[in-house]
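Try each task yourself before you read the solution.

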Amino acid sequence: MKRRDFFKKGAKGALAASIIPLSGSVGTSDNKDRSADRWQQMGRDEMRKPDRQIATTFDVAVLGGGLAGICAAVSAARNGAKVVLIQDRPVLGGNASSEMRVHINGVNHLKPGNTPERETGIIEELLLHNRFYNQQESFPVQDHVFYDFVTREPNLELMLNTQATEAIMDGSIIKSAVCWQLTTETEYTITAKQFIDCSGDGLLAATAGALYRTGREGKAEFNEQYAPDEPDGWQMGATLLLSSKDMGKPMPYEPPHYVIKYEAEKSNPKRKFKGFYDGIWWIEIGSKDDIIADQEINRHKLMGYLHGVWDYIKNSGNFPEAENHALDWVGALPSKRESRRFIGDYILSEKDLTEHKQFDDAVAYGGWSLDEHCWAGIENLSDPPSYFHYHFKKVYQIPYRSLYSKNITNLQFAGRNISQTHIALSSSRVMATCSLMGQAVGTAAALCIQKGVNPRSISESYIDELQEQLLRDDAFIPNRVAKDDKNKARTANVIFASSTKSGAANLLIDGVSRDFEGVVHHWQSDSLPAKVQLEWEKPVTLSQVEVKCDTNVKRNIMMRKDSKVSDIFWNDVPQELLRSLDVEARVNGKWILLGQENKNRTRLIKFEFEKVMVTAIRIKLNDTYGAKTAKLFEVRCY
């Protein structure tokens with residue numbers, strides 16, 4: 001079916017094309033009769049019916065507490081919206097949580113040197129937060145770091161163990177989400193102006209009737225080199241991970257009764273066992289049908305396959321280095337890669353990525369390889385576990401039109417469920433990339449509230465405002481230069497520094513907050529302490545100064561099971577990060593202190609103060625977390 005025919009066929013045609021609207025009921029749930037439920041309070045000899053139905057209202061409701069959902073909720077809250085974040089698990093983080101323990105990958109390995117182009121903004125804040133509070137690199141502690149990061153936001157309410165099960169509709173608008181909180185036996189009706197589905201599977205969006213598709217497109221539809229010749233239903237599978245511990249003595253292993261033998265003789269040689277003690281990512285099962293409905297069947301099978309692989313490692317005799325190893329942790333909740341992909345105003349496809357299409361509405365970027373896992377996963381042993389079709393040399397853009405629903409007016413997405421093809425998903429699905437989408441849609445949702453509009457209007461009329469706010473909040477949009485007219489640093493007559501090792505002080509207002517594709521956009525001191533000064537011929541009134549310092553975005557800082565340290569991986573706080581700095585202003589010819597930070601923990605450093613009329617701002621850089629010099633990428637004044 002041609003793209004232009006997708007939305008001319010109606011529900012019958014959409015179903016045939018695997019673009020499936022799953023309509024939700026109009027009205028409230030009819031499963032509310034609790035008349036037979038009597039709660040006896042022995043102390044007061046009281047018997048009553050439990051009241052476990054609650055209705056509440058927010059500006060923005062975010063469904064899904066993985067990294068995309070966290071970034072969406074935090075960005076919306078910081079930009080002034082009243083937000084609820086609804087997560088169906090007891091912990092935050094999704095695939096990165098202690099329940100699944102997947103590395104937070106993003107643009108990790110651009111060719112030819114496997115160089116990162118690391119994500120900044122909220123996801124970097126979160127990773128830095130973990131580096132400061134979880135030096136032992138514990139996944140359960142990281143759960144609590146995520147919890148701390150979210151719950152400290154004043155405009156944000158978190159609901160754990162809660163699943164959004166049904167959308168209550170008014171035409172094409174979601175009015176409310178019916179949610180069930182398992183731990184409290186409570187049904188919540190969440191009313192909001194804007195909804196963001198970051199849940200991966202997208203149940204709320206599906207019950208709202210949002211158009212979506214599953215499976216693989218054929219080559220012809222989007223002219224995708226790596227798509228199959230004909231469309232089919234295959235989706236990339238979910239994985240169970242494990243970890244083991246060296247016990248210092250021989251540790252025998254006997255598998256459980258449900259083990260499924262690993263048939264090594266049938267396996268593709270690319271099914272590697274290197275680093276087996278930290279988990280094997282290819283213990284996964286794909287599906288050519290309803291991968292959501294098959295989840296529990298696949299979970300049981302995956303547990304059998306996992307123990308089959310471990311039995312092979314321990315008892316085949318091919319891994320003598322495993323003799324003293326015992327299983328230390330075994331996953332029970334599979335980490336998902338793919339299910340529904342919702343249809344937006346634009347469907348991102350392979351050539352958009354490989355040909356680096358430039359989008360006027362770009363709001364995020366990616367660069368993980370086109371990494372399509374083989375159909376059927378471990379049940380297709382003869383194929384390599386991943387085809388790794390294409391390795392990127394530079395990043396690609398992600399347009400805003402792929403992040404909101406084509407047919408549901410107030411619905412956005414972030415994560416693996418956005419508007420894209422199966423092949424595009426094979427790259428964009430990694431969590432740090434999904435987090436950038438989350439920050440974009442959260443910021444857009446807050447802008448929708450401010451303007452009294454819906455996402456398509458943001459795309460048509462306010463995309464420049466959205467991009468400018470994202471850039472101010474330290475998201476990076478490739479090839480989009482910041483040009484915020486409210487930033488008075490851009491009007492400074494002179495910018496100079498006490499010393500310069502590289503770059504130049506005037507680059508701090510050039511609108512690009514990182515060195516990119518070989519072009520320098522920084523100023524670096526030759527020693528510490530150092531100073532940067534901005535001068536205005538006529539006094540300007542300021543109440544905010546914002547600085548973007550160095551965290552070395554050419555080095556990954558996500559937590560890894562192997563705690564790897566190299567030129568491109570770091571397992572601690574970046575040494576380049578500024579620890580201590582002061583901001584001063586010249587007022588009536590005298591310097592006064594406006595702000596001081598002695599325990600900085602973020603790349604974007606904000607100082608707010610009472611309005612003051614100044615003729616100069618001076619930023620004093622005192623020390624870092626280990627580097628002998630300091631580097632800045634941007635200064636803004638408001």
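**Exercise 1. A charge over a ring**

Over the ring of which residue does the charged end of Arg514 sit?

*Solution.* Start at Arg514 and follow its side chain to the charged end. That end sits over the ring of Phe476, at 4.3 Å from the ring centre. Now look for a second case: Arg560 lies over the face of Phe569, and here the distance to the ring centre is 4.5 Å. Keep in mind throughout that you are working with a predicted model.

**Exercise 2. Two partners for Arg52**

Find the salt bridges that Arg52 forms with Asp37 and with Glu185, and describe where the partners lie.

Step 1. Take Asp37 and Arg52. Their side chains meet in a salt bridge, with 3.9 Å from N to O. The cut-off for a salt bridge is 4 Å, so this pair counts.

Step 2. Turn to Glu185. Its closest approach to Arg52, N to O, is 2.8 Å. This pair links distant parts of the chain, since Glu185 belongs to the loop between β7 (173-181) and β8 (186-197), 133 residues apart from Arg52.

Step 3. Sort the residues by accessibility. Buried means under 20% relative accessible area. Arg52 has 17%, so Arg52 counts as buried. Asp37, with 23%, is partly exposed, and Glu185, with 39%, is partly exposed too.

**Exercise 3. A network of charges**

Are Arg213 and Glu217 buried or exposed, and which network do they belong to?

*Solution.* Step 1. Check the pair: Arg213 and Glu217 form a salt bridge in which the closest N and O atoms are 2.7 Å apart.

Step 1. Check accessibility. Arg213 has a relative accessibility of 4% and counts as buried; Glu217, also at 4%, counts as buried.

Step 2. Follow the shared partners. Salt bridges join Arg213, Glu217, Glu221, Glu338 and Arg341 into one network. For the whole structure, the number of salt bridges is 41.

**Exercise 4. Comparing two aromatic pairs**

Describe the arrangement of Phe276 with Tyr277 and of Phe342 with Phe413.

*Solution.* A pair of aromatic rings is described by the distance of the centres and the angle of the planes. The structure has 20 aromatic pairs.

Step 1. For Phe276 and Tyr277, the centres are 5.3 Å apart and the planes make an angle of 70°, an edge-to-face pair. Planes over 60 degrees apart count as edge-to-face. Phe276 is buried at 3% relative accessibility, whereas Tyr277 is partly exposed at 36%.

Step 2. For Phe342 and Phe413, the centre-to-centre distance is 4.8 Å and the angle is 10°, which makes a stacked pair. Phe342 lies in strand β14 (residues 341-342) and Phe413 in strand β17 (residues 411-413), so the contact ties together parts 71 residues apart in sequence. Phe342 is buried, with 0% relative accessibility, and Phe413 is buried at 0% as well.

Step 3. Look around Phe276 and Tyr277. Both belong to one aromatic cluster, whose members include Tyr262, Phe273, Trp282 and Trp310.

**Exercise 5. The largest cavity**

How many residues line the largest cavity, and which lie nearest its centre?

*Solution.* Step 1. Begin with the search of the whole structure, which finds seven cavities of 30 Å³ or more. The largest holds about 80 Å³ of space.

Step 1. Count the lining: 13 residues, with Gly237, Ala238, Ile291, Gln295 and Lys336 nearest the centre.

Step 2. Ask what kind they are. Five residues of the lining are nonpolar, four are polar and four are charged.

Step 3. Find the elements involved. Both β10 (235-239) and α7 (295-315) supply at least two lining residues each.

**Exercise 6. Far in sequence**

How many residues separate Val395 and Glu117 in sequence, and what is their C-alpha distance?

*Solution.* First locate Val395, in the loop between β15 (362-366) and β16 (396-399). Val395 is buried, at 8% relative accessible area. In sequence Val395 and Glu117 are 278 residues apart, yet in space their C-alpha atoms are 7.8 Å apart.

Technical notes:
Residues numbered from 1 in each chain as written. Heavy atoms only, no water. 1 Å grid on protein atoms, 1.4 Å probe; cavity = no way out; pocket = protein on both sides within 12 Å on 5 of 7 lines; lining within 4 Å. Points joined across faces, edges and corners; volume = space filled by probe spheres on them. Helix = DSSP H or I, 4+ residues; strand = E, 2+ residues; numbered from the N terminus. Nonpolar A, V, L, I, M, F, W, Y, C, P; charged D, E, K, R; others polar. Buried < 20%, exposed > 50% of the residue type's maximum accessible area, 1.4 Å probe, protein only. Phe/Tyr/Trp six-rings, centres within 6.5 Å; stacked < 30°, edge-to-face > 60°. Lys NZ or Arg CZ within 6 Å of the ring centre and 35° of its normal.
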